[in-house]
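Thanks for coming. Please have a look at the model on the screen, and I will then take you through a few parts of it.

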Amino acid sequence: MDSRFVLRLSNVVSGYSDLPVLWGIDLDVTENETLVVLGANGAGKSTMIKTIIGELPLKEGSIELLGEDVGKYKIHQRIGMGLAYMSELGVFPTLSIHENLMLGAYGLKRSDVRHRLEEVYSLFSELKGRKGDLASSLSGGQRKLLGIGKALMSNPKVLVMDEPSSGLSPLYVKEVIASLSTLTGTGRAMVIAEQNVSFLQLSNRVCVIEGGRVSFEGSTTEFENQEVLHKAFFGIEG
Amino acid sequence: MLFEYAVVAGVLFGLFYAFLSIGLNLVFGVQRIVNLAHGDVIMIGGFASWELYYTYHISPLLSVVLVIPPTVLAGFIIYRLIDGPLSRAQDPEMLSLILFFGVSQILEALVTIFLGNNQRSIPDSSLVHGPVHFLGQSYPGVWWIVAGASIPMVGLVILYLYRTKLGTATRAIMADPIEAAAVGIDVRKVSAITFGVGLAITASVGAIAPFMIGGVDPSEGVNLTILAFAVIVIGSLGNIGGTVVGGLIFGVAFELAQLYLPSWSSLIPYVLLLAVLLFKPSGVLGKRVRSA
């Protein structure tokens, strides 16, 4: 395998019970790359993310993470290899902000945790002043920031996110994008499944999923030059 | 004075009820397992304590600790056996309910076959001699000993959950098992340990329960399970701190009912259960979660 690829999906077929949702997805993600996966509701974005982390089993195909075939690995085993996941919920609402962050570093040595904690608190300083508060007391936007912080605690090589804009007002979406923009180009790869095209400002590459298949894959510039896609997602003439 | 007596007795029994119910809440909170055999595990703890006292002259207070290791191990093994079917089930809560109803019946039958269906008791003198005087009233000494033993045991469970890495992982699973796995927690392993701890704390309370409920017999399991369910629903399902509050509310309410409406007091578990389900279904300590 090419060592630049940190995540590779080959002919991935996956779904719920006997019903496939993804029909042969091929996708490569390289280190330091931010890939935005666009698609309408029900296109298969979340299914793809859940298959990458291991919540849904592979029916066919393979997933390689950092050069290793992880198709049969459980979620916690994939996370232990350098993958981090931020779900739509993103946090444990009934636990404190500090506990959420500590759980993000669950697999780390005690000596590494303090350093990671300082780094994450410096990125999200507003969380530091409220570290004893329950995550459920945070606003939707703050919860997303905590979710990002939690995912960063393990210092992952690959960070996958499922609709970080879900349930947020445009103002909070801007805040989340601003936070994520500080993470681009820092060596780790990010895969962001989204409907919100604002996230394209973070991406190097775009993948469009329709009906469980990749209908477009290319650079952000190439995507913007595709008149039909541009119109479909931005709703205006390209 | 009778009112004060009932309140103090209610607090003493309330602490015991919290100890009696906390294992059920732990097991339910982690894997949504409805353990209908909860009362039967208490019953087995009671028989173990009785056997250890009469055969080896071991104090029931020591039995509270001695029953823990074998039950943790048994719980760990049982969880590994049932985890597969439960995780594949469409409705795991219903399956666990049926499964543990069967376990409850089997445990009751086995104990009846091997030990008979007579009620056994352990003399109060095995724990304490004479009553305890408090605020001008006289209380059975065993009530104070059992309540006193309940505090550290419940405290240990709370410390485990809130001050250890494994406990935080347990609460993370209670909140959301998928999210927990997604931070690297081995959900199956931690759940198995927690199930073992839940059963152990349940068998543990069984060792001193005969002093509060008058003895131990093979058929007591059902009533104890109902009582424990009432306590955890009153406090808040899945909220371990709520179990203490639920236990105290239940204990004081029951003792006051015994004082003022003795013939109605046996209805207290059901009335409280219905009242909480109707007016505050999330329990006294149940919290709303901010949604935006």
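Helices (H or I, at least four residues) and strands (E, at least two) are DSSP runs, numbered from the N terminus. This is a predicted model, in which local features need pLDDT of at least 70 and side-chain atom pairs count only at pLDDT 80 or more, while totals for chains, interfaces and linings use all residues. Residues are numbered from 1 along each chain as its sequence is written, chains are lettered from A and ligands numbered from 1 in the order in which they are written, and side-chain values use heavy atoms, with hydrogens and water left out.

I start with chain B. Residues 6–28 of chain B are 100% helix and 0% strand, with end C-alpha atoms 31 Å apart. For residues 61–82 of chain B, the values are 95% helix, 0% strand and 32 Å.

Now chain A. Two strands pair if DSSP finds at least two bridges between them. Strand β3 (residues 34–38) of chain A pairs with β9(A) in the parallel sense, over four bridges; there, A:Leu38 has A:Val208 as its bridge partner. Strand β10 (residues 213–219) of chain A runs antiparallel to β9(A), with six bridges, and A:Ile209 is bridged to A:Val214. Two residues separate β9(A) and β10(A) in a hairpin, where A:Gly211 in the turn has a positive phi of about 55°.
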